[in-house]
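Me: I have a model open and want to learn how to read it. Can we go through a few features together?

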Amino acid sequence: LAGPGGNGGGGVVAARHLVNRRVRVRVVLAILRSMGVGVSDEPPTIDRPDVIIDALVGYSLAGPPHGRIATLIAWANGYDGPVISLDVPSGFDTQRGVGLTPCIRGNVTLMTAAPKVGLVDAIEAGRTYLADISVPTDVYRAFGYVDPVIFEDDWVVEVIAGAQRS
């Protein structure tokens, strides 16, 4: 599920990576026809997806989701398989650290660069992971990370609620 903003762009990138690895992909709300990807304005009704990647709304959220976005969130929340949110579950207010109505209730949230406010212990986020996107170590230091080498040999690390910055 890919929305119109930057978070949707992340969803399109995820779809491209999956297609390049020969995974059958259907994108809702984005155009990838040139790669032979099934594109639709509607969620699948015949084929049950193996996983949903939520990239509808990220930081551009201004108030509770409505219209088409709200409909897609409700559809995803009714799905009984894995739901992975990119950076922020759609419908989660990062400024206040709360899920609005509606809000994706996923199994996993893959955050980029740094943990997001109120998200690590939010029920809507599921298990939270942090992905390395090559942020300079000086930026991590500016945000208070004493040891900015948080990824070591991994490009993704799990973020545990209540964990202290090292």
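Me: Which residues does Pro115 touch, not counting residues up to four places away in sequence?

Reply: Contact means heavy atoms within 4.5 Å. By that rule, Pro115 touches Val120, Leu130, Tyr145 and Val159. Keep in mind that this is a predicted model: local features need pLDDT of at least 70, side-chain atom pairs count only at pLDDT 80 or more, and totals for chains, interfaces and linings use all residues. Residues are numbered from 1 along each chain as its sequence is written, and side-chain values use heavy atoms, with hydrogens and water left out.

Me: Where is Pro115 found?

Reply: Strands (E, at least two residues) and helices (H or I, at least four) are DSSP runs, numbered from the N terminus. Pro115 sits in the loop between β7 (108-112) and β8 (127-131). Its C-alpha atom is separated by 8.3 Å from that of Tyr129, 14 residues apart along the chain.

Me: How many salt bridges does a search of the whole structure find?

Reply: A salt bridge is a side-chain nitrogen of Lys or Arg within 4 Å of a carboxyl oxygen of Asp or Glu. The search finds 4. One of them joins the side chains of Asp93 and Arg96, at 2.9 Å from N to O.

Me: Are Asp93 and Arg96 buried or exposed?

Reply: Asp93 is buried, because its relative accessibility is 14%. Arg96 is exposed, because its relative accessible area is 57%.

Me: Which residue forms a salt bridge with Glu158?

Reply: Arg127 does, and the closest N and O atoms are 2.8 Å apart. Glu158 lies in strand β9 (residues 156-159) and Arg127 in strand β8, so this pair ties together parts that are 31 residues apart in sequence. Glu158 is partly exposed at 33% relative accessible area. Arg127 is partly exposed too, at 46%.

Me: What about Asp138: which residue is its salt-bridge partner?

Reply: The partner is Arg141, with the closest N and O atoms 3.2 Å apart. Both residues lie in helix α3 (residues 137-142). Asp138 and Arg141 are 3 residues apart, about one turn of the helix. Asp138 is exposed, because its relative accessibility is 56%. Arg141 has a relative accessible area of 47%, so it is partly exposed.

Key:
Buried means under 20% relative accessible area, exposed over 50%, partly exposed in between (1.4 Å probe, protein chains only).
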